[in-house]
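Dear colleague,

Please find below the structure that I am handing over to you. My notes on what was found in it follow directly after.

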Amino acid sequence: MRMPKPIQHKPILHHVTFKTTRLQEMIDWYQAVVGCIPNFTDAVASWTTNDTANHRIAFLAIPGIEEDPDKIKHANMHHTAFEFGTHEALFDNYERLAAVDILPVCCLDHGLTMSFYYSDPDSNLVELQADNFGNWVLSARWMQTSEDFKREPIGVEVDPPRMIRALQDGMPLSDLLKASRAGKFLPSTRGNLYLPGP
Ligand SMILES: [Fe+2]
């Protein structure tokens, strides 16, 4: 590929649009999980947002769209991600959703973020995360320079209920994050990141 001149005005990532066969289910799920509300919906599409942007997550349900039963092994998007400002908000949201049986399929301490992955009605993964450094500059620096991240870039599995109990018992968040990265909060069953292989 021939590279153009360096970009002068970098655009900001604005929205993601999914093709779906389950329009209403998808609208309902994204409202439940990340608070996205439609700004406009018709019979074959919806544009939803959870902030002041006109849309962040949109759906096209045009006739002719088909399921892909083999999507896990096909090259396509792996997940979208939403960030909470604090771990407390991430854990509160975990409990809010768990109360109605919406549970993550995989939970990882990535080192740079604590990340819970949920599966939407079309089996797209949605990562809900909080920055372990509380600061994008610091977590980006850690990603670039850390031997720990080089050794374990995908992450260490964690069990949210055990972490929530530890916090309730008085463990400081900084200690919890060291412990989770060291594998002290492994779940009893392994998570599923919707990737081919064992
Ligand atoms: Fe991610």
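**Findings**

Tyr-194 lies in the segment after H6. As the model is a predicted one, the remarks below describe computed features. The phi of Tyr-194 is near 55°, a positive value in a residue other than glycine. Most residues other than glycine have a negative phi. With 17 C-beta neighbours inside 10 Å, Tyr-194 counts as partly exposed.

Asp-101 also deserves a mention, with a positive phi of about 65° although it is not a glycine. Asp-101 sits in the loop between H2 and S6. This residue is exposed, with 6 other C-beta atoms within 10 Å.

Which residues of H2 are buried? They are His-87, Leu-90, Phe-91 and Tyr-94. Seen down the axis of H2, the buried residues fall within an arc of 95°, so they line one face of the helix. Their cover includes the strands S5 (79-84), S7 and S8 (125-131), together with the helices H5 (160-168) and H6 (173-181).

Strand S7 is itself largely enclosed by the rest of the structure, because 6 of its 7 residues are buried. S7 has pairing partners in S6 and S8:

- S6 and S7 pair in the antiparallel sense over 4 bridges. These two strands form a hairpin with 3 residues between them, and Gly-111 in the turn has a positive phi of about 90°.
- S7 and S8 run antiparallel and are joined by 7 bridges. They form a hairpin with 5 residues between them, where Ser-123 in the turn has a positive phi of about 65°.

Finally, I draw your attention to Leu-112, in the loop between strand S6 (106-109) and strand S7 (113-119). Is Leu-112 buried or exposed? Leu-112 counts as buried because it has 21 C-beta neighbours inside 10 Å, the cut-off for a buried residue being 20 or more. Leaving aside neighbours within four places in sequence, Leu-112 is in contact with Asp-131, Asn-132, Phe-133, Ser-139, Trp-142 and Met-143. Its C-alpha atom is separated by 7.6 Å from that of Ala-140, a residue 28 places away along the chain.

With kind regards

Methods. Residues are numbered from 1 along each chain as its sequence is written. This is a predicted model: local features need pLDDT of at least 70, side-chain atom pairs count only at pLDDT 80 or more; totals for chains, interfaces and linings use all residues. A residue is buried if 20 or more other C-beta atoms lie within 10 Å of its own, exposed if 12 or fewer, and partly exposed in between; C-beta atoms are placed from the backbone. Two residues are in contact if their C-beta atoms, placed from the backbone, lie within 7 Å. The arc is that of the directions from the helix axis to the C-beta atoms. Two strands pair if DSSP finds at least two bridges between them.
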